[in-house]
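Welcome! Please take a moment to look over the chain before reading on.

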Amino acid sequence: MTDSAETGRAVTSEYDDYRPPEPTRRGRRRRDGPPREPDQTDPANQSNAGGGAGSNEPPSSTTDGEFDSYYGRPVVKAPPWEWPIGLYLFVGGLAGGSALLGAGAAVTGRPRLRRNSRLTALGAVSIGLPALVYDLGRPERFLYMLRVFKPSSPMSVGTWLLTAFGTAAGVAAAGEVDRMTGERLPLGRLRPLLRVAECAGGATSAVLGGPLAAYTATLLGDTAVPTWAASRKSLAYVFVSSASLAAGGTALVATPVRETGPARALAVAGVVGDLVATRRMRGQMHPLEAEPLETGSAGWKLKLSEGLAIAGGLGALLGGRSRPIAAASGLALAAASPLTRFGVLEAGLESVKDPRRTVEPQRERLERRRAEGVVDDSITTGPRQTGGRPDEPTSSERAEQPE
């Protein structure tokens, strides 16, 4: 016998704090004979049925049209992500878009735009890496993720992607710094080698810029958080468009208007892509899954982001050749991007608080698949096509039937 049995004390856990008090048992226990069925006319038994006042079970999910989870706790546990992750999402997009813009400026012969874009890319990734390490808690955890490369893990792919991008962006920016100082860096005979490496670094960072801006959407969509999981088909397009806003807007602020043609084009394309992708994303989601994107603090941020993006895009398109208008438009575009990232982050964290956003969309998708006749996969269960009777209950229906 255990110590608890010997002492007569019950073993408890932290979950017993959420358990309703058990009813007082009365009468003797029958030692023989079949179990006695409860009398449904007995008020005591009626109060215990369906999670009543004396029942150990939580209230039924259909009582009074309200849904409740196990002891009122969330169905899905929210990831412990705070503002450093939101900052990381933003600067990752800014770095990727700026690297792509810098490569275009190098090809078209725009030295000021190339320099500003390369320095912006390096500065953004230099902020994003500490933000990620801060969220991880210890720097060695980031190094541990570099021990192996797992293509099936978005976090592993992102870690390697961030490391490779940062190295390439650093080499490209080193050449710009050397020119800014009048070639006074103590390089000696290594300067020609730096020029070659600078071109390679700029091209490599441009190639990795798109994946860097989009992989964070895969990272969010790969979770069980209702709003993020439901948006996984379109969230990457939203994040890439948001990265175009950030890179184009920053270039409009820091670069003379005679060289900002590619930046204006990238910003306008980002605005169009952001508006289209956002509406498509919401249209693909269940109303309960999309609700956090439209209400509360997250909804306010996303609405403000949309307004700033439209205003900045119109300013860049119509008045981008005026220095004051270009700068104001760039500030609006650059501010719209972090509002989008933080809004999506907060919406996901908010979506796990209501169990209905997890259960009800799953039920509707399951019923839709059953109605379409999809019964031969691990998601939908139904009568077997061979050897089973059409009226035979499914495994889910058998689980719901009382014993």
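## The chain as a whole

Among contacts in the chain between residues at least 6 apart in sequence, what percentage join residues at least 24 apart? The share is 68%, where contact means heavy atoms within 4.5 Å.

This is a predicted model, in which local features need pLDDT of at least 70 and side-chain atom pairs count only at pLDDT 80 or more, while totals for chains, interfaces and linings use all residues. Residues are numbered from 1 along each chain as its sequence is written, and side-chain values use heavy atoms, with hydrogens and water left out.

The chain has 15 helices and 0 strands; both are DSSP runs numbered from the N terminus, helices being H or I with at least four residues and strands E with at least two. Of the 403 residues in the chain, 39% are buried. Buried means under 20% relative accessible area, exposed means over 50%, and partly exposed lies in between (1.4 Å probe, protein chains only). The chain exposes about 23200 Å², with carbon and sulfur atoms supplying 57% of that area. Accessible areas come from the Shrake-Rupley method with a 1.4 Å probe, and for residues only the protein chains shown count as cover.

## How confident is the model?

The predictor's confidence in each residue is its pLDDT, on a scale from 0 to 100. Averaged over the chain, the pLDDT is 80, and 75% of the residues score at least 70. Residues 40-65 have a pLDDT below 50, and this stretch has 27 contacts in the model beyond near neighbours in sequence. Residues 382-391 are also below 50, with 8 contacts in the model beyond near neighbours in sequence. Where pLDDT is low, the predicted coordinates should not be read in detail.

## An open pocket

Pockets and cavities are found on a 1 Å grid over the protein atoms alone: a cavity is a set of points where a 1.4 Å probe fits but cannot get out, and a pocket is an open set with protein on both sides within 12 Å along at least five of seven lines. Lining residues have an atom within 4 Å of a point. Grid points are joined across faces, edges and corners, and a volume is the space filled by probe spheres set on the points.

The second largest pocket has a volume of about 510 Å³. It is lined by 19 residues, and the closest to its centre are A229, A230, R232, E289 and R365. Helices α8 (226-230) and α14 (356-371) each supply at least two lining residues, and α14 gives the largest share, 7 residues. By class, this lining has 7 nonpolar, 5 polar and 7 charged residues. Here Ala, Val, Leu, Ile, Met, Phe, Trp, Tyr, Cys and Pro count as nonpolar, Asp, Glu, Lys and Arg as charged, and the others, Gly among them, as polar.

The largest cavity has a volume of about 130 Å³. Of its 13 lining residues, D274, T278, R282, L302 and T340 are the closest to its centre. Two or more lining residues come from each of α10 (261-283), α12 (296-319) and α13 (323-351), and the largest share, 6 residues, comes from α10.

The second largest cavity has a volume of about 50 Å³. Its lining consists of A99, G102, A103, R118, A121, A169, A172, G202 and S205. Helices α3 (83-108), α4 (111-136), α6 (154-180) and α7 (191-221) each give two or more of these residues, with α3 giving the most, 3 residues. The lining divides into 5 nonpolar, 3 polar and 1 charged.

Why does A173 count as buried? Because its relative accessibility is 1%. Leaving aside neighbours within four places in sequence, A173 is in contact with R118, L119 and L122. The C-alpha atoms of A173 and G123 are separated by 9.5 Å, although the two residues are 50 apart along the chain.

D178 lies in helix α6 and is buried, with a relative accessible area of 0%. Its contacts, beyond four places in sequence, are E183, R184, L185, L187, R191, L194 and R195. S234 sits in the loop between α8 and α9 (235-254) and is buried at 1%. Not counting residues up to four places away in sequence, S234 touches A277, R280, M281 and Q284.
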